[in-house]
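Thanks for asking me to look this one over. My notes follow as numbered points, so please keep the model open beside them.

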Amino acid sequence: MGADVVTMEKIVSLSKRRGFVFPSSEIYGGLGSSYDYGHYGVLLKDNVKARWLEAMVRERDDIVALDSSIILHPRVWEASGHVGGFSDPLVDCRTCKRRFRADHLDVEQCGRRPSKRPGETDECDLTDARQFNLMFETRVGALEESGVDVYLRPETAQGIFVNFKNVAQIARRRPPFGIAQVGKSFRNEITPGNFIFRTLEFEQMEMEYFVPPPEADEWYRYWVDERLGWHRRYGVRDSHLRLRPHDADELSHYSSATSDIEYLFPIGWSELEGIANRGDFDLRQHSEASGTTLEWVDAGTGERYVPYVIEPALGVNRSMLTFMIDAYDEEVVGERERTVLRLHPQLAPVKAAVLPLIGKDAAMVEKARALYEELRRHFSVEYDDGGAIGRRYRRQDEIGTPYGLTIDEQTLEDETITVRDRDSLAQERIPIGGARAKVGELLGADWRSPKS
Ligand code: ATP
């Protein structure tokens, strides 16, 4: 298993070949930085979201869920600072006509000479940096003249802040408590690329944790640890994760502390998730702009204050990409090369494949189909009887299916099947009647990436 063989090209190619991710609008030539998710992509993405919601909401008493609108009142984005300040500094090169983020020049490639950075050759002719707002604008209303300009949300967080009062009253929770949301966000990214790492539309999993101000530092450290633990729990190797606290000059004006959880992507160390102490900035801004006081009032003591907010914010698509990259492996088994996604079983799109050893054997097919019908009521499983068994295993390895259940000659004699482990390739014989319990037990067991 050893060295990292993964490249972004291999992930893009596997994603297309096996139907995880397709370039969007492909028959029209594609639209830059937009992707569509196929069957396994949807299942994997759903599992990422389910594991996040489990850790953030289901397994805790102090966090509730919310699903706010993508299009909010336009004044939300004025108050939040996005209309005035949610922009990237861009420079254009008059020679190669390429556009770069001014703050990324040290990692970008010159359009003419890719071994150089923009501005490094005599030919480069860069403009001054100009600010470019990242929010997509659209109009609400039937008539062009009477419509209202609105924005597609560039983050889910503001929908949480503007609902603070609703939730705090109804959820009957006192700080520290949190509100979690999963949903689409949109950013008119100017220098996108790198597959689904940075796209125009993406899903975010954000949680705003409202705390008494004196406890903010403590909760910030708590959430950094919790979030690192989540990535590790689902198999991301420690050697490929690191924490990067922002320098003082990099912090947003409202934040007293921010850290990025970075992953060693094939493009280098890059942000996977951000955790920020946002202070009371957001609630104060919306209180002032809306005229509705957003604060915590203790019904018993009458004590009132504006809570501070700790925010862990993670992209679903970026997290899915991380899991795929981290899980990707190639190895030679019995002189045959195989590609395998060593995904955590709880993330794997398909948990088990039910395979008759000989696809043309009516008795094996009948038994396999009956087992498949039983298991599909409980797990995401697949039945496959097409082609040689080796090829069927390899297909399942590539989509990361952790267990293969094979019905063979012996099954017809003694009602046992083999369970094949994707990673160790070990085979165990178990009674066919115990298959459901076995898969359940395997899925519930502790798991570590065999690549670590
Ligand atoms: P970056 O520096 O990569 O642009 P950011 O610091 O602007 O990211 P945040 O606003 O903190 O990102 O968003 C939280 C998370 O949302 C990011 O850590 C990332 O996982 C995800 N994310 C942000 N922008 C995109 C995008 N354009 N495409 C995919 N995921 C994104």
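1. Strand 4 (residues 87-92) and strand 6 run antiparallel, joined by four bridges. Strands here are DSSP runs of E with at least two residues, helices are runs of H or I with at least four, and both are numbered from the N terminus. Two strands count as paired if DSSP finds at least two bridges between them. Within this pair, Asp-88 stands opposite Phe-132 of strand 6.

2. A word on the source: this is a predicted model, in which local features need pLDDT of at least 70 and side-chain atom pairs count only at pLDDT 80 or more, while totals for chains, interfaces and linings use all residues. Residues are numbered from 1 along each chain as its sequence is written.

3. Back to that pair, which belongs to an open sheet of three strands in the order 5-4-6, with antiparallel pairing. Strand 5 (99-101) and strand 6 (130-133) are the edge strands, each pairing on one side only. On average, neighbouring strands of this sheet are turned by 45° against each other, direction ignored; the axes are lines fitted to C-alpha atoms, and angles run from 0 to 180 degrees between N-to-C directions.

4. On one hand, strand 13 pairs with strand 12 (residues 257-265) in the antiparallel sense over nine bridges, with Ile-261 opposite Glu-273. These two strands form a hairpin with two residues between them. On the other hand, six bridges join strand 13 to strand 16, again antiparallel, and Asn-277 has Ile-310 as its bridge partner there.

5. Helix 9 deserves a look too. Why can it be called largely enclosed by the rest of the structure? The reason is that 12 of its 12 residues are buried, among them Arg-318, Met-320 and Asp-326. Buried means that 20 or more other C-beta atoms, placed from the backbone, lie within 10 Å of the residue's own.
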